[in-house]
Amino acid sequence: MSFEDELARARDLDVGALADAIEEIGFECTRCGACCKAATGPDGYEEHTATVFPDEIRELQDTTEYDHRDVARPMPYGLSEGEDGLEGETFEWALETTGCGDCTFYAEEDGVGACTVHEDRPLICRTYPFSVALDGSSQPMGAAVDQVGDVRAHECEGLGRDIDREHAEELAGALKERAIREIEEAIAVSERYEPANPDSGEIVVHDSEGAKRPDGTPIDG
């Protein structure tokens, strides 16, 4: 199935049906912070990796007055380790991380986690631990542990808890928006992509707006 077909499916998603699925699975955030922190995977330590759209980066820049590099980093997948660090071509951006691999916007006090940009957090953060089962939409933090209808649930200690209808519908609306945005982004990236052939030590990031340097400036600019 083409991205265009999946985009049509995403636009036809029924928010009520998504909310029903979320209610059946159940969820309440316990503020454990696991979705914002580095994880230990099969290959050892893994940095927190959450996809962020170009316009979301700008919104976070406006909110925090941070530079692009303080908000987002090139998605590490596809890059290789060179003499001076990561190099090569990659697609999309991930939220920046701290030296210990946690999301740069994560704060913790007495074991209780908090997002310092909660009102302006990206869609992937607004919808965790859920995603929509469509090609072109991403699965954050590994494979799904449960699925009801089109809604996938990913590992989280808050799953299985009661959720009220208002919150379920809010999550469902954000899930539909995210599914649409992810597929639109994938289409735009594929349409604009041209091999950049970066030099040794260089990184090129391809997003829906074209090829960019790690600081977010256009390669053509």
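Let me start with terms: helices (H or I, at least four residues) and strands (E, at least two) are DSSP runs, numbered from the N terminus. The model on screen is predicted: local features need pLDDT of at least 70, side-chain atom pairs count only at pLDDT 80 or more, and totals for chains, interfaces and linings use all residues. Residues are numbered from 1 along each chain as its sequence is written, and side-chain values use heavy atoms, with hydrogens and water left out.

First stop, a cis peptide bond. It runs from Tyr128 to Pro129, with omega near 15°. Where does Pro129 lie? In the loop between helix H5 (123-127) and E10.

Now the sheets. Two strands pair if DSSP finds at least two bridges between them. In general, strands of a sheet pair through backbone hydrogen bonds, either parallel or antiparallel.

Take the open sheet of three strands. Its order is E3-E7-E4, and the pairing is antiparallel. Strand E3 (51-52) and strand E4 (72-74) are the edges, each pairing on one side only. E4 is joined by three bridges to strand E7 (residues 93-95). Look for Ala72: opposite it stands Leu95 in E7.

Another open sheet has four strands. The order is E5-E6-E13-E14, and here the pairing is mixed. Its edge strands are strand E5 (80-82) and strand E14 (210-212). On average, neighbouring strands are turned by 30° against each other, direction ignored. The axes behind that angle are lines fitted to C-alpha atoms, for helices over the stretch in contact, and angles run from 0 to 180 degrees between N-to-C directions. E5 and strand E6 (residues 85-91) run antiparallel, joined by three bridges. Gly82 faces Gly85 in E6.

Buried means under 20% relative accessible area, exposed over 50%, partly exposed in between (1.4 Å probe, protein chains only). Is Glu65 buried or exposed? Exposed, with a relative accessible area of 70%. Glu92 counts as buried, because its relative accessibility is 14%.

On to the interior. A nonpolar core is a set of buried Ala, Val, Leu, Ile, Met, Phe, Trp, Tyr and Cys residues joined through side-chain atoms within 4.5 Å. The largest one has 24 residues; among those touching the most other members are Ala10, Ile22 and Phe130. Several elements supply at least two residues each, including helix H1 (3-11), helix H2 (15-25) and helix H6 (165-192). Which element gives the largest share? H6, with eight residues. Apart from this core lies another, of 16 residues, with Val52, Trp93, Cys103 and Ile203 among them.

Stay with Ile22. Contact means heavy atoms within 4.5 Å. Leaving aside neighbours within four places in sequence, Ile22 is in contact with Phe130, Val151, Ile163, Ala168, Leu171, Ala172 and Leu175.

Last, cavities. On a 1 Å grid over the protein atoms alone, a cavity is a set of points where a 1.4 Å probe fits but cannot get out; lining residues have an atom within 4 Å of a point. There are two cavities of 30 Å³ or more.

How values were computed. 1 Å grid on protein atoms, 1.4 Å probe; cavity = no way out; pocket = protein on both sides within 12 Å on 5 of 7 lines; lining within 4 Å. Points joined across faces, edges and corners; volume = space filled by probe spheres on them.
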